[in-house]
Structures are given as C-alpha cells and as structure tokens.
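Here is a friendly briefing to read alongside the model on your screen. Have the sequence and the 3D view open, and take the topics in any order you like.

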Amino acid sequence: MFNTALTWSDLAFLAQGAAMTLAVTAVSVTAGTLLGILFGVIRVQAGPYWSLPLTFVLDVFRSVPLLIQLVLANAFQSIAKLGWGPFTTSCVVLSLYTAAYCTEIVRGGISSVPPTTRRAARSLGMTWWQDMRYIVAPLATRVSLPSWIGLTLGVMKDSALVLWLGLIELLRASQILVTRLQEPLFILLICGAIYFLISFPIARLGGYLEKRWSPND
Amino acid sequence: MFNYTFHWNQALKALPQMLDGALITLQIALLSMLIGVVCALALTGFRLSGNRVLSGFATTWIEIARNTPALFQIYMAHFGLGNFGIHLSPYTALLVGIAFNNAGYLAENFRGALKAIPDTQTRAGRSLGMSAIQAFRYIVLPQMLRIAFLPTTNQMVWAILMTSLGVTVGMNTDLAGVTQELNARSFRTFEFFALAAVIYYVIAKAVTLAARAIASRMFRY
C-alpha cells in the first residue's frame with residue numbers, strides 16, 4: 001500500500017540533523033541569554049538616553065532578516081580572515097539575534113518590579129547587587145520566563161536558516177534526502193513532525209506557566 | 001586592517017535594481033498579510049463556532065504554523081505540494097508559505113484580543129436590542145481591532161523579514177533574490193548584502209512608524 005525508500009540509516013541521518021539544530025539552539029540561547037541579561041540590566045540602569053546606542057544596535061538585529069545577517073557575518077568573517085566555520089558563524093549570529101530579543105524581555109521583567117519594592121529593599125540596607133539578586137531576580141523571572149520560552153522556541157525554528165551557510169541541520173538533512181529519494185512530501189512531513197514534537201510540548205509549558213503566573217489572579 | 005578592498009560603488013550602482021526588488025518584497029508582504037488576516041479571521045470564527053471539525057481544523061492549522069519554522073512551511077509549499085501534482089512558482093510558494101504562517105500567528109492574536117473584551121459588553125449590547133451580529137459589529141469588533149492592531153503591525157514587519165526566505169526556493173525578484181543574483185555575478189557578497197540589510201532596516205522602520213502614526217490617529221479616545 002505504502003512504499004518508501006527511506007531506510008533506518010536515513011532516519012539516523014535526520015536525527016543527526018535534529019541534533020545539530022538542537023546544538024546550535026542550545027549554544028545560541030545560552031550565550032544570547034547571558035548577553036541579553038547583561039544588556040537588559042545596562043538598559044534599565046543607564047536609562048533610555050544613555051543606552052540609545054545599545055538600543056539602536058539591538059534594534060538593527062531585530063529589523064534585518066536573519067538570513068541577511070548570516071550571509072553578512074559569513075562574508076565578514078572571511079574578509080577579516082577569522083577562519084570561523086559555519087557552526088561558529090551561525091552560533092555568533094544567532095546569539096546576537098537572541099540577545100537582541102532577550103534584552104527586551106529582561107528589560108520588561110525588571111521594569112515590572114515596582115520601584116517602591118526596590119526602594120524598600122534598598123532602605124532595608126540591601127546593596128544594589130543584593131536588591132537585584134534577592135528582590136528583582138525572582139519577581140522579574142516570573143514575568144519574563146514565558147516570553148523567554150517563546151524566544152527559545154523562536155530561535156530553534158529560526159535556526160533552520162543556517163542551512164544557507166552549509167550547516168547540515170534538520171531541514172537541510174531532509175532536503176538532502178528529498179534530493180536523493182524524490183519523496184518530498186513524506187520526508188518533509190517527518191521533518192515537520194520532528195520540529196513539532198520539539199516545539200509543541202515546550203510551547204504548551206510556556207502557555208501553562210503564563211496562565212499560572214499571570215499577576216491578575 | 002583587512003586585506004580586502006571594498007567596492008561600494010558596485011553595490012550603489014545596483015541600487016535601482018535592488019529598490020525594484022524591495023517593491024516586490026513589500027508586495028509579497030502586503031498580499032500575505034491580506035490573505036493572512038482573512039484566513040486568521042476565518043480561523044478565529046472556526047474556533048469559536050463550537051463545531052468540532054471546524055475548530056479542530058483551525059487548531060491544527062494554528063499549531064502547525066506556530067510550531068514549525070517558516071522556512072519549513074515555504075519548503076512544504078514549494079517541494080511538498082509537488083507530490084499532489086501542484087507545482088508552485090517560487091513567488092506563489094513564498095506567498096502561500098508566509099500567508100499560512102501569518103494566519104496562524106494572527107489567529108492567536110485575534111483570539112487574545114477577543115478574550116480581552118468582557119462578555120458583559122456583548123450582553124449589554126444585546127440588552128439594548130442589538131442583534132448578535134450588530135453587537136459583534138459595533139461593540140466587540142472595534143475594540144478587538146484596537147487591541148489587535150499593534151500585534152498585527154508587528155506581524156507585518158515579520159512578514160517583510162520572512163520574504164527574504166524566498167531566495168532559498170529560487171526566488172530571484174524580491175530584495176534578497178535580487179541581491180543574491182547580483183552577488184552570484186560579482187562575488188561582492190558583503191557590499192551587496194550590507195546594502196540589502198540597510199534597505200530592509202529602512203522598510204521595517206518605515207512600516208513601524210507608519211503603523212504608530214495610523215494608530216495614534218485612528219485610536220484616539
């Protein structure tokens with residue numbers, strides 16, 4: 001009834017692609033989040049006027065298509081003779097891309113903590129660092145975590161674009177199989193199912209946390 | 001510093017060609033948004049209809065659109081549909097892919113906007129003697145549009161950025177496609193793509209600012 005030339009080793013090839021997708025995502029999200037927290041704190045601390053240059057640069061990362069950013073970074077690294085492979089280039093671009101969005105999330109989270117709460121902490125004799133660590137961080141995390149999960153999934157999906165640099169991630173792996181086996185629909189469906197299986201449960205968790213932690217109940 | 005001579009002139013000479021490409025980009029983005037909004041309204045209606053088949057269809061569409069990469073959706077339109085004997089040109093495939101994606105995200109926005117309007121509003125309208133349709137048209141819809149407007153313009157910016165994915169399925173008339181062709185002819189990758197990035201940035205900013213201006217005019221209390 002249904003015949004396919006797809007073998008187990010092809011499935012293993014797809015799984016390798018998926019692993020590459022996850023690896024790129026993990027590296028980029030980790031680095032991007034750390035940078036994003038740093039930039040977010042700087043933006044809140046420096047105020048809108050002094051952080052204008054930072055805001056502008058991060059805005060560029062959000063207003064230029066990721067594909068163009070990847071091509072530009074790849075061209076730049078060969079011009080500057082940095083000798084980065086596609087994996088490094090992809091991770092650098094995606095990290096900055098993540099950081100640009102994460103900064104907004106972190107800033108939103110920190111701004112959601114009422115200034116009075118922070119002043120109360122400071123008047124109890126807490127240092128700036130203690131205030132950040134014990135008062136702001138727990139409260140801001142509750143506000144930011146659902147959108148951060150959304151961001152992580154967004155980066156996971158956008159990481160498909162690194163195929164343009166020749167990195168064999170999930171979508172590229174399935175494209176290679178399509179070229180060989182000529183069964184585009186079936187293989188793409190498997191590929192889509194893998195993306196869906198990674199993304200959907202985490203998206204649901206994010207939605208649940210958002211409902212559970214929303215401040216109005 | 002770099003052992004490389006930048007040839008910006010070459011890129012600037014190609015600017016008119018790239019601006020033509022930018023128009024195509026805008027055209028695809030606008031069309032995909034129009035189709036997306038219509039589909040999203042239909043999906044929102046399906047979800048509220050209470051019909052299990054319709055709401056199941058809507059939920060499937062929305063979850064697939066939101067949980068798989070946009071590039072995958074475009075590939076699906078371009079390569080996947082070939083299995084059914086439907087062969088779309090890169091332009092159509094790109095349009096279909098982005099419109100599908102837009103519809104999924106917009107439907108979620110519209111649902112959120114609808115949920116933000118209390119039921120009591122509809123009931124108040126009904127008790128004033130409005131029909132269900134009138135209550136929806138005059139009470140709920142204007143408020144919903146107001147709430148959904150900004151997310152929708154965000155989606156428009158997303159749609160513009162997503163059009164750049166067309167180059168992966170062989171699109172060569174939009175901004176990214178034109179740039180890629182110029183690049184293939186001259187190998188001045190950095191110059192051409194830097195110029196393309198500037199154009200994308202300007203378009204994205206222009207759309208955002210225009211949307212803000214429209215919002216401040218339309219949604220005055």
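Helices (H or I, at least four residues) and strands (E, at least two) are DSSP runs, numbered from the N terminus. With that in hand, take residues 20-42 of chain A: this span is 100% helix and 0% strand, and its end C-alpha atoms lie 33 Å apart. This is a predicted model, in which local features need pLDDT of at least 70 and side-chain atom pairs count only at pLDDT 80 or more, while totals for chains, interfaces and linings use all residues. Residues are numbered from 1 along each chain as its sequence is written, chains are lettered from A and ligands numbered from 1 in the order in which they are written, and side-chain values use heavy atoms, with hydrogens and water left out.

**Spans annotated in UniProt**

- For chain A, an unreviewed UniProt entry places the feature "transmembrane region" at residues 20-42 and 185-203; such positions are given in the numbering used here, feature names are shortened, and annotations may be inferred rather than shown by experiment.
- Residues 185-203 of chain A are 100% helix and 0% strand, with 25 Å between the end C-alpha atoms.
- For chain B, the unreviewed UniProt entry gives "transmembrane region" at residues 22-43, 147-172 and 192-215.
- In the model, residues 22-43 of chain B are 100% helix and 0% strand, and their end C-alpha atoms are 30 Å apart.
- Residues 192-215 of chain B are also 100% helix and 0% strand, with end C-alpha atoms 35 Å apart.

**The second largest pocket**

- Helices α1 (8-50), α4 (86-111) and α6 (128-158) of chain A each supply at least two residues of the lining, and α6(A) gives the most, with eleven residues.
- By type, the lining has 14 nonpolar, four polar and one charged residue; Ala, Val, Leu, Ile, Met, Phe, Trp, Tyr, Cys and Pro count as nonpolar, Asp, Glu, Lys and Arg as charged, and the others, Gly among them, as polar.

**The largest cavity**

- The structure holds one cavity of 30 Å³ or more, and the largest cavity has a volume of about 30 Å³.
- Both chains take part in its lining, which consists of A:L67, A:I68, A:V71, A:W164, B:V167, B:A176, B:Q180 and B:F193.
- The lining of the largest cavity divides into seven nonpolar residues, one polar and no charged, and α3(A) gives the most, with three residues.

**Aromatic contacts**

- Over all chains there are 13 aromatic pairs; rings of Phe, Tyr and Trp (its six-membered ring) pair if their centres lie within 6.5 Å, and planes under 30 degrees apart count as stacked, over 60 as edge-to-face and the rest as tilted.
- A:Y97 and A:Y101 make an edge-to-face pair, 5.3 Å centre to centre with 65° between the planes.
- These two tyrosines both lie in helix α4 of chain A, four residues apart, about one turn of the helix.
- A:Y97 is buried at 5% relative accessibility, and A:Y101 is buried at 18% (buried means under 20% relative accessible area, exposed over 50%, partly exposed in between, with a 1.4 Å probe and protein chains only).
- The charged end of A:R62 sits over the ring of A:Y101, 5.8 Å from its centre (the rule asks for NZ of Lys or CZ of Arg within 6 Å of the ring centre and within 35 degrees of the ring normal).
- Ring pairs also link A:F76, B:F6, B:W8 and B:F190 into a cluster.

**Positive phi in loops**

- A:Q182 is not a glycine, yet has a positive phi of about 60°; A:Q182 is found in the loop between α7 (170-181) and α8 (184-213) of chain A and is exposed, at 57% relative accessible area.
- B:F187, likewise a residue other than glycine, has a positive phi near 60°; B:F187 is found in the loop between α8 (175-186) and α9 (189-218) of chain B and is exposed, at 66% relative accessibility.

Terms used:
On a 1 Å grid over the protein atoms alone, a cavity is a set of points where a 1.4 Å probe fits but cannot get out, and a pocket is an open set with protein on both sides within 12 Å along at least five of seven lines; lining residues have an atom within 4 Å of a point. Grid points are joined across faces, edges and corners, and a volume is the space filled by probe spheres set on the points.
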